[in-house]
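Below are some notes on this structure for a colleague who has not seen it before.

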Amino acid sequence: MSSDNKVLAPSQVETRSVDWVPHNERFGKSRDLRNVWFVGNVNLTAMATGVVALSLGANLIWTIIAVVTGSLFGTFFMAFHSAQGPQLGLPQLVQSRAQFGYIGAAFTVWIFALVNYIAYNTSDAILSGSAIHQVFKIPTQLGFLLAAAIATTIAIYGYSQIHYVNKILYWPSIIALGAMTIGVFVRGSFPAKAWDITDFKLAPTMSAFVIIAGFQLGWAPYVSDYSRYLPASEGVKSTFTSTYWASALSGVWVFGLGSLASGPDGKLTPVEAFKKVGDSIFPGFGTILLILLLAGLLVVMSVNAYGGSLTLISMLDSIKKVNPTKAIRLVSLLIMGVTVWGIAQFVGEARFNTFYGNALVFLAYLFTPWTAVNLIDYFFVRKGVYVISEIFKKDGIYGRWGWRGNLAYLIGFVAMIPFFVTTPFTGPIAKSLGGVDYSLFVGLPVSAIAYLILARGIDLKKESEMASAEGNLTK
């Protein structure tokens with residue numbers, strides 16, 4: 001890293017949005033990602049994911065097994081997306097233009113990504129509103145608005161502010177999780193057969209696995225947004241490992257605690273369950289715990305708002321060229337905040353579990369083919385070699401509609417449909433297998449193989465020569 005790098009101070013509003021980050025503006029180390037991706041899971045919504053997983057019907061021990069395997073599995077793919085950031089210096093979804101086309105990415109992948117941001121932030125807003133009411137006795141509806149406003153403010157400052165806040169919350173998060181771990185076992189009173197390993201039900205266990213893996217995979221569309229300012233000298237391995245172990249282990253810990261917290265009867269709302277666990281250590285600690293989890297949740301909302309704003313700008317840029325200014329990022333963040341607040345008001349806390357459970361499953365389905373296509377293209381087809389300037393050209397070498405990526409996505413998604421297990425629809429093969437959800441294990445290889453076959457016609461030699469010429473000019 002050269003001495004003239006322009007490090008963004010936490011108090012400085014980020015000026016870049018969807019454009020490429022020049023090498024002289026890169027800063028930091030891959031180990032900085034540990035703060036972001038550990039703290040990223042320490043919040044009310046992530047913990048509520050464990051509550052939803054247990055509610056599917058498996059007993060506690062098999063839900064915990066699904067939590068561990070699902071977190072390790074889903075984070076594996078998410079961390080490889082993170083590794084692209086320092087190498088390309090681009091937001092994750094902008095890089096998708098190389099597979100799906102300049103316009104194609106906007107009308108396929110980015111729409112799904114926007115749904116992802118809005119769904120997660122709506123869930124976050126609902127739980128934050130409930131926690132604000134529980135702690136500060138502020139009306140829940142006003143709590144939704146306050147949460148959205150605070151998250152939007154953090155997101156306005158952008159990349160460095162988000163990294164900075166997560167760094168502050170790192171050790172308090174570990175202390176909170178440690179205390180809560182003691183609390184769930186001190187409280188005890190788990191139901192009969194909670195720990196009976198022989199009481200195995202495949203269908204709900206697999207559904208819990210899909211939900212947990214889907215939560216971790218849900219980070220994939222914007223994970224490299226938080227590594228793109230790192231110097232290109234930060235390698236794939238170090239970026240991958242810093243992201244993977246931080247997110248996977250915090251995920252296991254947080255999702256597991258969510259399941260354990262709701263384990264006694266499963267009837268409490270997530271916020272009530274977590275407060276009760278805290279108070280089991282000593283009266284009043286439940287409130288302290290909620291404040292810490294609420295702080296983490298507001299940061300995650302800012303992460304989602306930041307990523308959502310980049311997606312909105314990217315979609316607009318695909319239709320009409322825009323300048324990546326502070327003003328347009330501010331407008332896009334305000335749109336995200338108002339949208340989330342409105343949907344949270346409509347859904348409400350009473351329907352949280354149903355809304356959130358369905359969101360997790362459907363988002364896992366939507367992003368499974370995308371993650372396969374994107375990673376296969378980066379690591380096996382183009383092997384990290386892209387012509388950055390062409391990604392920003394509507395009629396560049398990557399085309400308006402990347403038919404290979406879109407067709408591979410469609411093939412993978414259609415192949416998954418017979419294996420879907422959702423509240424409104426269960427696929428015919430899933431029905432014949434007793435409601436067991438194998439969709440992720442179908443969508444990933446089918447999309448990957450389809451793209452590998454379709455990508456044979458890409459002129460990689462020409463693209464490599466263009467990338468090499470461009471690299472000599474931008475270093």
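1. Arg-400 is partly exposed, at a relative accessible area of 37%, while Asp-395 is exposed, at 60%. Here buried means under 20% relative accessible area, exposed over 50%, and partly exposed in between, with a 1.4 Å probe and protein chains only. The side chains of the two residues meet in a salt bridge, 2.8 Å from N to O. A salt bridge is a side-chain nitrogen of Lys or Arg within 4 Å of a carboxyl oxygen of Asp or Glu.

2. A note on the basis: this is a predicted model, in which local features need pLDDT of at least 70 and side-chain atom pairs count only at pLDDT 80 or more, while totals for chains, interfaces and linings use all residues. Residues are numbered from 1 along each chain as its sequence is written, and side-chain values use heavy atoms, with hydrogens and water left out.

3. The whole structure has 6 salt bridges. One of them joins Glu-463 to Arg-382, with the closest N and O atoms 2.7 Å apart. Glu-463 lies in helix H21 (residues 460-474) and Arg-382 in the loop between H16 and helix H17 (388-391), so the bridge ties together parts 81 residues apart in sequence. Helices are DSSP runs (H or I, at least four residues), numbered from the N terminus. Both partners are buried: Glu-463 has a relative accessible area of 5% and Arg-382 one of 8%. Asp-377 is linked with Arg-382 and Glu-463 in a network of salt bridges.

4. Another salt bridge pairs Glu-234 with Lys-29, the closest N and O atoms being 3.9 Å apart. The two come from distant parts of the chain, 205 residues apart: Glu-234 is in the loop between helix H11 (202-217) and helix H12 (236-262), and Lys-29 is in the segment before helix H1 (33-39). Glu-234 counts as buried at 10% relative accessibility, whereas Lys-29 counts as partly exposed at 39%.

5. Which residues touch the most other members of the largest nonpolar core? They are Trp-37 and Phe-274, in a core of 142 residues. A nonpolar core is a set of buried Ala, Val, Leu, Ile, Met, Phe, Trp, Tyr and Cys residues joined through side-chain atoms within 4.5 Å. Helix H16 (residues 352-381) gives the most to this core, 17 residues. Apart from it lies another core, of 5 residues, including Phe-240 and Tyr-244.

6. Beyond its neighbours within four places in sequence, Phe-274 is in contact with residues including Leu-44, Met-47, Met-180, Gly-258 and Leu-293. Contact means heavy atoms within 4.5 Å.

7. Helix H15 (residues 326-347) has 22 residues and spans 32 Å from its first C-alpha to its last, close to the 32 Å expected at 1.5 Å a residue; the expected span is 1.5 Å times one less than the number of residues. Among its buried residues are Ile-328, Arg-329, Ser-332, Met-336 and Val-340. Their cover includes helix H8 (109-136), helix H9 (140-157), helix H14 (285-319) and H16. Just after H15, Gly-348 takes a positive phi of about 75°.

8. Gln-216, in helix H11, counts as buried at 0% relative accessibility. Its side chain is joined to that of Ser-247 by a polar contact of 3.1 Å. A polar contact is a pair of N or O atoms within 3.5 Å; within protein, one must be able to donate a hydrogen and the other to accept it, and residues adjacent in sequence count only if both atoms are side-chain atoms.
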